[in-house]
Amino acid sequence: MPEPYDVLVIGTGVTGLSAARQSLRDGLVTATMESLFFGGLVTNINELDGEFSGSGSDLAAGLMMQITKLGVKNLSAVAQAIERDGELLVVKSDAGSHRARSVIIASGARLKRLGVPGEAELEEKGVSRCADCDGPFYQGQDVVVVGGGDSALQEAIVLTEFARTVHLVHRGAKFRAQQHLVDRLGGHSNVEVHLNVQIEAVLGDKAVRAVRFRGGAELSCTGLFAYIGLEPESGFVPEAIRRDAAGCIETDSSLQTSMPGVFAAGAVRSGYGGLLSHATAEGMAAAISAAEYLGRQPANPVR
């Protein structure tokens, strides 16, 4: 049986990558677990704001390159459960069980679904989650973006480069997004804004052909992008770990959960601030706490 990892980080978004980097710098045998691609939701962002520059993909790739050079073990698997086995923790996955002395849950969050008829059935048939990835497929076509926050406006702006018309649909009377994004959106002539409306169905057989608003009106389109908020990726977390009403993991001030040796950071954690700077800071803080839990002296955090 292989030796247990000192730290097993579940998730390779910015939080998980930052946690793994700190743990490796602390000299801990570190593994990450991710089922598909590293980077998480940040890879959907074409242009980062604030203290970070470039694209989200660039940021994630840089972090992955760093932890690869430091010797991380990347496990391609879907976390399914966390159990205690004496002094060790066991993370069960679709690729087997993995033992560790500590675990950092950085599984992040996923985009909420509208929850309307036709949405799930037409996933990847016009219902998309990434404007940067799929935008080129809608060259010269009409698409609908749902939401009123930063993400919705950022993705709508990306789609203006490809679509004939971008219909931005928001159930409220005004956007929640930052004003500079509202201003940028207003500079595109191929954007039509629909306020105080809600989508009640996605229409189409083999592909999206329209959406239907509450009240019965239909809007023709070939693509639908919904950015109405996030929900935590915490379905695999055992009942022994406390969560809030939204399903986010509760932690103490050291980011330790109610299961000793298991820490949580980033968008999966209750109280997470939501900024990219918070994601990196929480990942490093969780790694430092894990090192201290293991009786190791953590190195100075790297920014």
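# Fold, rings and buried sites

At 8% relative accessibility, L255 counts as buried. Buried means under 20% relative accessible area, exposed over 50%, and partly exposed in between, with a 1.4 Å probe and protein chains only. L255 sits in the loop between β16 (230–232) and β17. Its phi is positive, about 70°, although L255 is not a glycine.

The model is predicted, so local features need pLDDT of at least 70 and side-chain atom pairs count only at pLDDT 80 or more, while totals for chains, interfaces and linings use all residues. Residues are numbered from 1 along each chain as its sequence is written, and side-chain values use heavy atoms, leaving out hydrogens and water.

## Overall build

The protein holds 6 helices and 17 strands. These are DSSP runs numbered from the N terminus: helices are H or I of at least four residues, strands E of at least two.

How does the radius of gyration of the protein fit a compact globule? With 303 residues, such a globule would have a radius near 19 Å; the protein has 21 Å, which agrees. The radius is taken over C-alpha atoms, and the globule rule is 2.2 Å times the number of residues to the power 0.38. Along the principal axes, the C-alpha atoms fill a box of roughly 60 × 35 × 30 Å.

Of the 303 residues, 50% count as buried. Contact means heavy atoms within 4.5 Å. Among contacts with a separation of 6 or more, 61% join residues 24 or more positions apart.

The protein exposes about 14400 Å², and carbon and sulfur atoms supply 49% of that area. Areas come from the Shrake-Rupley method with a 1.4 Å probe. There are 27 positive and 35 negative charges, and their mean positions are 2 Å apart. Lys and Arg count as positive, Asp and Glu as negative; His and the chain ends are not counted. Each charge is placed at NZ of Lys, CZ of Arg, CG of Asp or CD of Glu.

## Aromatic pairs

Rings of Phe, Tyr and Trp (its six-membered ring) pair if their centres lie within 6.5 Å; planes under 30 degrees apart are stacked, over 60 edge-to-face, the rest tilted. By this rule there are 2 aromatic pairs.

Y138 and F225 form an edge-to-face pair, 5.6 Å centre to centre with 75° between the planes. Y138 lies in the loop between α3 (131–134) and β9 (142–146), and F225 in strand β15 (residues 223–226), so the pair ties together parts 87 residues apart in sequence. Y138 and F225 are both buried.

The ring centres of F263 and Y293 are 6.1 Å apart and their planes lie at 75°, so this pair is edge-to-face. F263 belongs to strand β17 (residues 262–264) and Y293 to helix α6 (residues 276–293), so the pair ties together parts 30 residues apart in sequence. F263 is buried, whereas Y293 is partly exposed.

## Individual sites

The table gives relative accessible areas for selected residues.

| Residue | Relative accessible area | Class |
|---|---|---|
| F263 | 1% | buried |
| I10 | 4% | buried |
| A177 | 11% | buried |
| Y293 | 36% | partly exposed |
| E124 | 75% | exposed |

E124 lies in the loop between β7 (109–111) and β8 (127–128). Its phi is near 65°, a positive value in a residue other than glycine.

I10 is part of strand β1 (residues 5–10). What does I10 touch, not counting residues up to four places away in sequence? Its partners are M33, A79, I82, V91, V103, I104, I105, A106, S107 and F236. I10 and L75 are 65 residues apart in sequence, and their C-alpha atoms are 9.4 Å apart in space.

## Helix α4 and its surroundings

Helix α4 (residues 150–159) is mostly covered, with 8 of its 10 residues buried. Those residues are A152, L153, Q154, E155, A156, I157, V158 and L159. They pack against α3, β9, β10 (165–170), α5 (179–186) and β15.

A177 lies in the loop between β10 and α5. Leaving out residues up to four places away in sequence, A177 touches G148, G149, D150, L153 and V182.
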